[in-house]
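Student: Please take one part of this structure and look at it closely. I want a connected account, with cut-offs for the terms you use.

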Amino acid sequence: MRKRVAVVGVAEHGNAAELVTLSAADGSLLDRRRVDLTQGLPTQPYHHEGAWALGRYRGSAWSRDVSLEEAIELIQQVEAAAAVGARTALEALAGEVAAPIERIAVRTCAELPATIEARLRDNRAQTMADSITYRQALARAAEGRGWSVVWYDRKQVHEEAAAFLADADLDVVLKAMGKQVGPPWQARHRLAAAAALAASRG
């Protein structure tokens, strides 16, 4: 019999994340919440300010003049704020969920160049670095609490969640969770729930 512990599934969007917490024993829903990891700062400094600093989108009505130094400083501020926000959010979650949290499932991160400037100069890295910043902040905060981090692949996680459920239908289970918790229950909430179910297999 599985231990009565909890598993958190994460679906990030912008500087926010949906956290869906389930019992690892039976997949029952324990908590659903949205957390904002930063406050009062630009949410996509790599994609916007960083790109502007390198002259991308020049001439666009929404771009503005930003120096490379200003962009790097802003990104550092956002990364620091996200780290604090993630620690605060997970501390609050741990204090409000009845079962002890053991694992957190976070979407897998591509490898990025080592420095902020190198990420900005790499078109591919620059487009995904903001999202990765927030995912890594949550993963590091979880590790700081002693939780195991399970990295999930968005393309495979529903199949892995269905394997945890064995004879139950995943779509039926996710719809029932949505009815239990009430709106909003959108695709990102279902993704977070599926990630938590898949991580419960561990």
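Tutor: What follows starts with the sheet, then takes up the helices and charged side chains around it.

This is a predicted model: local features need pLDDT of at least 70, side-chain atom pairs count only at pLDDT 80 or more, and totals for chains, interfaces and linings use all residues. Residues are numbered from 1 along each chain as its sequence is written, and side-chain values use heavy atoms, with hydrogens and water left out.

Start with the sheet itself. It is open, has 5 strands, and mixes its pairing; the order is β3-β2-β1-β4-β5. Strands here are DSSP runs of E, at least two residues long, and helices are runs of H or I, at least four residues long, both numbered from the N terminus. Two strands pair if DSSP finds at least two bridges between them. Strands of a sheet pair through backbone hydrogen bonds, either parallel or antiparallel. At the edges sit β3 (29–36) and β5, each of which pairs on one side only. From one strand to the next, the twist averages 20°. Angles run from 0 to 180 degrees between N-to-C directions; the axes are lines fitted to C-alpha atoms, for helices over the stretch in contact.

β1 (residues 6–13) and β2 (residues 16–23) run antiparallel and share 8 bridges. Within that pair, A11 stands opposite E18 of β2. Keep E18 in mind.

Next, the helices on the sheet. Helix α2 (residues 68–96) lies across β1, β2, β3 and β4 (101–107), at about 160° to β3. Helix α7 lies across β1, β2, β3, β4 and β5, at about 145° to β1. Contact, here and below, means heavy atoms within 4.5 Å.

A salt bridge is a side-chain nitrogen of Lys or Arg within 4 Å of a carboxyl oxygen of Asp or Glu. The whole structure has 10 of them. E18 meets R188 in one, at 3.3 Å from N to O. With E18 in strand β2 and R188 in helix α7, the pair ties together parts that are 170 residues apart in sequence. E18 is buried, at 4% relative accessible area, while R188 is partly exposed at 31%. The cut-offs: buried is under 20% relative accessible area, exposed is over 50%, and partly exposed is in between (1.4 Å probe, protein chains only).

R33 and E96 form another salt bridge, with their closest N and O atoms 2.8 Å apart. This pair links strand β3, which holds R33, to helix α2, which holds E96, across 63 residues. R33 is buried, with 16% relative accessible area. E96 is exposed, at 56%. A network of salt bridges also links E12, R107 and R135.

Contrast D130, in helix α4. D130 is buried yet has no salt bridge; R119, the nearest side chain of opposite charge, is 9.3 Å away. For charge, Lys and Arg count as positive and Asp and Glu as negative; His and the chain ends are not counted. Leaving out residues up to four places away in sequence, D130 touches T43, Q44, P45, Y46 and H47. E143 also has its place in α4 (residues 123–144). E143 is partly exposed, at 49% relative accessibility.

D153 sits in the loop between β5 and α5. D153 is partly exposed, with 31% relative accessible area.

An α-helix has 3.6 residues a turn, so residues three or four places apart point the same way. After α5 comes A166, with a positive phi near 60°.
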